[in-house]
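Here is a walk through one protein model, taken a stop at a time. Keep the sequence beside the picture and find each residue as it comes up.

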Amino acid sequence: MLQRRCIIIGSSPDTDIGIIKKHLRENDFVACADGGYVYAEKLGIKPDLIIGDFDSSKKPAHAICRMIELPARKDDTDTVYTVRECLKLGFKEFLLFGMTGGRIDHTYANFCVLADLAKKQVSARLIDPKNTIEVVFNNSRIIENRNGCGFAIFPFGCESCNVSLEGFEYDLQKGTLTADFPIGVSNTICSDKAKVTVHDGMAVIMIEVS
C-alpha cells in the first residue's frame, strides 16, 4: 500500500486544477492554504484541512472540514503555517500546487518552504503547469521517464554547491555551481533514469513538464 501523501493547494491565480487532478490519489490528505479551498471545490473534493487568514478569498461560510483561521499580521505565510501543521501529523511526502505565478515574492517564499522540508529530510515537490520544482540538500534524486525534458539546477540558500549530473545533455562530475553564475540553466534530460547528486550544499532543481 502506498504511503499517504499530503497535498497542499495554494491560492495562486495561475493554479491549474487539471494538474492537481492528474496527480491526486484517492487516499491523499488534502490541505488548503487560504484560498486554495476554492480550487478544491472546483475539483469536487472535500479538503481535510483549511488554514489561512483569508485575505485572498472569503472565509468559507460553513465548516466543511477542520479549519484554522490565522491573524493577518504574522511572520509565517499561510503556506508555511499549513506545512508545519501537516508535519505535526507525520507526513513524509508533500506535493504543493498553486504555489507559483501571481506575486513573485510568494513564489520565492514557496521555494524556501521546499528548502526547509529538504533539510528535514522530507520529500517535497512543487508542481505547476510547466515545471516540477524540488530542493535537494546533501542528497541524490533519480529522475525517471522525463527523457527530453528541460532541466535546470541552481544553488539555493548557499553561495555554492558541489553537484554531479548523470544522464543529461550536459553531464557534470563533482562540479561547483555558484550563486552568481547561472551555468545550470537550459540543460536537457537525455535518459529514462537520470541522476542528480548534491554532494555538498543545497540546490533547487527545475524539470520542465513535457
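Start at the largest pocket. Helices α3 and α4 each give at least two residues to its lining. Helices here are DSSP runs of H or I with at least four residues, strands are runs of E with at least two, and both are numbered from the N terminus. The model is predicted, so local features need pLDDT of at least 70 and side-chain atom pairs count only at pLDDT 80 or more, while totals for chains, interfaces and linings use all residues. Residues are numbered from 1 along each chain as its sequence is written, and side-chain values use heavy atoms, with hydrogens and water left out.

What is a pocket? The search runs on a 1 Å grid over the protein atoms alone. A pocket is an open set of points with protein on both sides within 12 Å along at least five of seven lines. A cavity is a set of points where a 1.4 Å probe fits but cannot get out. Lining residues have an atom within 4 Å of a point. Grid points are joined across faces, edges and corners, and a volume is the space filled by probe spheres set on the points.

The largest pocket holds about 460 Å³ of space. It is lined by 24 residues, and Ser11, Asp55, Ser56, Asp78 and His106 are the closest to its centre. Helix α4 gives the largest share of the lining, three residues. By class, the lining has four nonpolar, 13 polar and seven charged residues. Nonpolar here covers Ala, Val, Leu, Ile, Met, Phe, Trp, Tyr, Cys and Pro; charged covers Asp, Glu, Lys and Arg; the others, Gly among them, are polar.

Now move to the second largest pocket. Its volume is about 240 Å³. Strands β7 (131-137), β8 (140-144) and β14 (202-208) each give two or more residues to the lining. The largest share, four residues, comes from β8. Among the lining residues are Arg125, Glu134, Arg141 and Ile207. This lining has four nonpolar, one polar and five charged residues.

The largest cavity holds about 50 Å³. Its lining has 13 residues, with Asp16, Gly98, Ile127, Asp128 and Pro129 nearest its centre. Six of the lining residues are nonpolar, four are polar and three are charged.

Turn to the nonpolar cores. In soluble globular proteins, nonpolar side chains tend to be buried together. Buried means under 20% relative accessible area, exposed means over 50%, and partly exposed lies in between (1.4 Å probe, protein chains only). A nonpolar core is a set of buried Ala, Val, Leu, Ile, Met, Phe, Trp, Tyr and Cys residues joined through side-chain atoms within 4.5 Å. The largest core has 32 residues, and Ile8, Cys86, Phe94 and Leu96 touch the most other members. Helix α4 (residues 104-119) supplies the largest share of this core, six residues. A second, separate core has 17 residues, including Ile153, Ile189, Val196 and Ala203.

Leaving aside neighbours within four places in sequence, leucine 96 is in contact with Ile8, Val113, Leu114, Arg125, Leu126 and Ile127.

Glutamate 85 sits in helix α3 (residues 78-88). It counts as buried because its relative accessibility is 9%. Beyond its neighbours within four places in sequence, glutamate 85 is in contact with Leu49, Ile51, Arg66 and Ile68.

Threonine 197 lies in strand β13 (residues 193-200). Its relative accessible area is 11%, so threonine 197 is buried. A polar contact of 3.0 Å joins its side chain to that of serine 140. Such a contact is a pair of N or O atoms within 3.5 Å; within protein, one must be able to donate a hydrogen and the other to accept it, and residues adjacent in sequence count only if both atoms are side-chain atoms.

Aspartate 34 has a positive phi near 55° and is not a glycine. Lysine 174 is not a glycine either, and its phi is positive at about 50°. Lysine 174, at 57%, counts as exposed.

Terms used. Contact means heavy atoms within 4.5 Å.
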